[in-house]
Amino acid sequence: MALRDLRSACGLTYAQMASRCNYSISALQEAASGQRLATLPATLAFVSACGGDTDAWQHYWNQLRRMEAEGTKVAAGALIPPHLAQLEPMAAAPLDLTPPDAATEQAKQTTSSPPTPHKLRLHARLTRHRHLRWAVPTAVLVVAGGGLTAVLSPHSPAPHDGAPAFALVVVQNKVAIGPSTLTEDSTPAYLSTKTVSRCRIRHCMLADTTMTSGAKLVATCWTRGETLTNADITSAGINHNPEAVSSDRWYLAKWKDGRTGYICEVYIAPPYRGGMGLNRCR
């Protein structure tokens, strides 16, 4: 999905891409098919043909390969960090705020010959602006020293050097009862659009995301919300149950279809609590 988004942003056909690298049309199509993890050379050739940041993509590919080697099944699109879909930044270039109508006219003037790298980057920036015009307001971060322009969504992680882009977390949908019991909750866990409890009846449950213990999620950041507990506070001796936990920390996780939602860490297995070194959600 990330490779497809990159090709869509730059506006190239597979034939035009093949003319820019040593890979055939079918090989490039295979890399973006999603049937298997593309080889690193094929991935970098694909990205380079689209004018992407090969260093960032190589880091991303290494993360995917490591998870694959560890036996973790990664759903399509689940690990796409927002910054990896950006095209190669233009040094000291400000964000292009050309009105949508003007952008459309510029796109129409593009000839049938393969566009230059400059035109590719310009087209992608105009395309992103048209898409964001009616979206929720976003924060624009400009790093002057590196000439990097990044558009962060409201849920993007706050920048922090050394923090991982994502972390695997395992669901533990269990309830603590009495002084020592920990048993599977009869109600499945789920992702929500808000960091609050009882989203089933408050209309903030992310549809079709129910889970039981053992389910794996990819978390990208964490935030604070309503404090929840996994304890049955009406049961005798619950104050002595070592498995009882309360927390106001919520992970932002990606579902297998690319949607994102929150889950409180009381529904996450103990080894995966505490933030996992991730950035705090912006």
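In the predicted model, Ile25 touches Tyr14, Ala15 and Ala18, with residues up to four places away in sequence not counted. Ile25 lies in helix H3, which spans residues 25-31. Between Ile25 and Tyr14 the C-alpha to C-alpha distance is 5.5 Å, although the two are eleven residues apart in sequence. The relative accessible area of Ile25 is 37%, and this residue is therefore classed as partly exposed, the class between the limits of 20% and 50%.

Helix H1 comprises residues 2-10, and its buried residues are Ala2, Leu3, Leu6, Ala9 and Cys10. These residues are on the same side of H1, because the arc that they cover around the axis is only 125°. In general, an α-helix has 3.6 residues a turn, so residues three or four places apart point the same way. After H1 comes Gly11, with a positive phi near 80°.

H1 packs with helix H4, which is formed by residues 40-49. On the H1 side, the contact involves Leu3, Leu6 and Arg7, which meet Thr43, Phe46 and Val47 of H4. Four of the residues in this contact are nonpolar, one is polar and one is charged. Leu3 and Leu6, which take part in the contact with H4, are also among the buried residues of H1.

Conventions. Residues numbered from 1 in each chain as written. Predicted model: local features only at pLDDT ≥ 70, side-chain atom pairs only at ≥ 80, totals over all residues. Heavy atoms only, no water. Buried < 20%, exposed > 50% of the residue type's maximum accessible area, 1.4 Å probe, protein only. Helix = DSSP H or I, 4+ residues; strand = E, 2+ residues; numbered from the N terminus. Arc of directions from axis to C-beta. Axes fitted to C-alpha atoms, helices over the stretch in contact; angles between N-to-C directions. Contact = heavy atoms within 4.5 Å. Nonpolar A, V, L, I, M, F, W, Y, C, P; charged D, E, K, R; others polar.
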